[in-house]
Amino acid sequence: MRLSRYFLPTLKETPAEAQIASHRLMLRAGMIRQGAAGIYSWLPLGHRVLRKIENIVREEQDRAGAFEVLMPTIQSSDLWVESGRYDDYGKEMLRIEDRHGRKMLYGPTNEEMITDIFRREVKSYKDLPKNLYHIQWKFRDEIRPRFGVMRGREFLMKDAYSFDLDTESAVRSYNAMFVAYLRTFARLGVRAIPMRADTGPIGGDLSHEFIVLAETGESEVFFDQGFNDFDPMATQPESGTDLQPIVDQWTSLYAATEEMHDPSKAAKTSDRLVQGRGIEVGHIFFFGDKYSKPMKAEVQNAEGASVAVQMGSYGIGVSRLAGAIIEASHDANGIIWPESVAPFKVGLMNLTPKDADCTKACDQLYSDLCKAGVEVLFDDRAVGAGAKFANMDLIGLPWQIALGSRGIKNGIAELKNRATGEKQEVDLATIVAKLAN
């Protein structure tokens with residue numbers, strides 16, 4: 001993409017309303033613009049990041065055996081009355097009426113709707129287990145929306161829902177999602193720590209939050225250093241694999257962490273204690289028949305008896321992750337994107353656009369990178385080199401190529417790694433192959 005043709009309205013100054021790093025940088029990098037309190041438009045650069053995150057989330061859900069659906073944003077209140085949550089959910093639910101006076105709501109979550117879909121179509125234990133998910137916009141009327149996309153009112157969420165015959169099989173489904181989440185966050189380039197959590201308005205008695213470590217995180221966390229040594233990507237569970245050992249390993253680390261909070265044992269374990277700050281980006285729940293029982297989501301078991309299915313739900317804040325990744329990965333100059341979610345892999349800069357030879361060489365390099373399948377943002381604008389370098393650091397692409405008249409004469413370009421700041425001179429004849437790999 002040529003920057004001269006792109007829509008990338010970056011800002012030199014930080015808007016006064018932006019209080020945290022991700023909000024400041026997303027506004028300055030031209031990723032988002034506010035439409036109303038807690039409601040944002042995603043501009044082209046931000047939208048590319050959002051789709052990269054969404055695709056990784058989708059791939060790991062598919063890999064774990066979940067099936068994608070798409071449910072509407074507007075729901076009938078009748079389902080929520082049936083489950084008993086309509087009056088209990090609180091003022092975060094946006095309640096509306098259509099022109100016929102029917103009570104509707106803008107969905108904050110989808111337990112009721114997916115349970116209704118399930119009960120209409122599945123009648124036998126032979127059709128279990130099932131896990132259905134979608135990636136859809138949600139609305140929760142936060143009393144104080146703040147921090148940009150980190151605590152907005154409208155947000156993009158992946159929510160999945162599992163259906164099983166009994167508790168034992170439901171826990172296996174829960175474990176599969178647990179492992180899928182570990183893999184998802186690892187692929188997104190962040191370290192996520194699962195921690196036991198309250199179930200809140202969702203309900204149930206088994207729940208984990210997934211906390212991304214970031215110096216600017218909203219919550220203080222303490223955890224065993226073993227969390228930093230475990231590689232989620234080393235787990236390659238196949239369908240039907242017993243995932244309990246993987247979950248047990250993480251549970252034991254959690255137990256060790258809890259032990260450190262016991263004053264009588266803290267002295268013995270303090271050498272393993274790691275203190276940090278974190279941001280919640282995912283939450284999973286097992287809640288049994290909390291919804292299936294009142295909504296009569298039943299199947300026939302092997303003996304022919306009707307039983308309420310056992311359910312779980314699994315959420316990931318897709319749009320929130322864009323902010324969380326920035327909180328975990330930035331410096332004084334701007335964003336530092338992990339390559340897996342970067343809007344472009346490479347930023348190419350023509351430092352002397354008035355030089356015909358340099359412009360010709362940059363055009364050729366841009367064409368060659370595109371042909372090699374490398375996503376590249378080409379700054380071909382007639383502005384100063386300093387402005388180009390500052391802009392590239394701000395938007396945080398993993399690699400920067402600077403090409404000027406002096407380098408053209410020697411057949412070299414300067415290649416910079418945004419994360420490390422390391423610069424190297426690379427032969428123009430080999431730079432495409434280097435980046436394509």
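Here is the tour, stop by stop.

**Before we set off**

This is a predicted model, so local features need pLDDT of at least 70 and side-chain atom pairs count only at pLDDT 80 or more, while totals for chains, interfaces and linings use all residues. Residues are numbered from 1 along each chain as its sequence is written, and side-chain values use heavy atoms, with hydrogens and water left out.

**Stop 1: helix H2**

Select residues 44-63, which make up helix H2. Helices (H or I, at least four residues) and strands (E, at least two) are DSSP runs, numbered from the N terminus. How far apart are the end C-alpha atoms of H2? They are 28 Å apart, which agrees with the 28 Å that its 20 residues should span at 1.5 Å a residue. The expected span is 1.5 Å times one less than the number of residues.

Now colour the buried residues of H2, among them Leu45, Val49, Ile53, Glu54 and Arg58. Buried means under 20% relative accessible area, exposed over 50%, and partly exposed in between (1.4 Å probe, protein chains only). Step past the helix to Gly65, which follows H2 and has a positive phi, near 95°.

**Stop 2: salt bridges**

Side chains of opposite charge can pair when their charged atoms come close. A salt bridge here is a side-chain nitrogen of Lys or Arg within 4 Å of a carboxyl oxygen of Asp or Glu. The structure holds 24 of these salt bridges.

Select Arg2 and Asp363: their closest N and O atoms are 3.2 Å apart in a salt bridge. This pair links distant parts of the chain, 361 residues apart, with Arg2 in the segment before helix H1 (21-28) and Asp363 in helix H9 (residues 356-371). Arg2 is buried at 19% relative accessible area, whereas Asp363 is partly exposed at 28%.

Next, pick Arg153 and Asp141, whose salt bridge has its closest N and O atoms 3.0 Å apart. Both sit in the loop between strand E7 (130-139) and strand E8 (154-164), twelve residues apart.

Then try Glu339 and Lys345, a salt bridge with the closest N and O atoms 3.5 Å apart. Glu339 is partly exposed at 42%, but Lys345 is buried at 16%. Finish by selecting Arg51, Glu54, Arg58 and Glu68, which salt bridges with shared partners join into one network.

**Stop 3: a hairpin**

Show strand E5 (residues 94-97) and strand E6 (residues 103-106), which run antiparallel and are joined by four bridges. Two strands pair if DSSP finds at least two bridges between them. Which residue stands opposite Leu94 in E6? That is Tyr106. Five residues lie between the strands of this hairpin, and Gly101 in the turn has a positive phi of about 85°.

**Stop 4: a cavity**

Rolling a probe the size of a water molecule over the atoms shows where empty space is left. On a 1 Å grid over the protein atoms alone, a cavity is a set of points where a 1.4 Å probe fits but cannot get out, and lining residues have an atom within 4 Å of a point.

Select its lining: Tyr40, Trp42, Trp137, Val149, Gly152, Glu154, Phe155 and Ser319.

Terms used:
1 Å grid on protein atoms, 1.4 Å probe; cavity = no way out; pocket = protein on both sides within 12 Å on 5 of 7 lines; lining within 4 Å.
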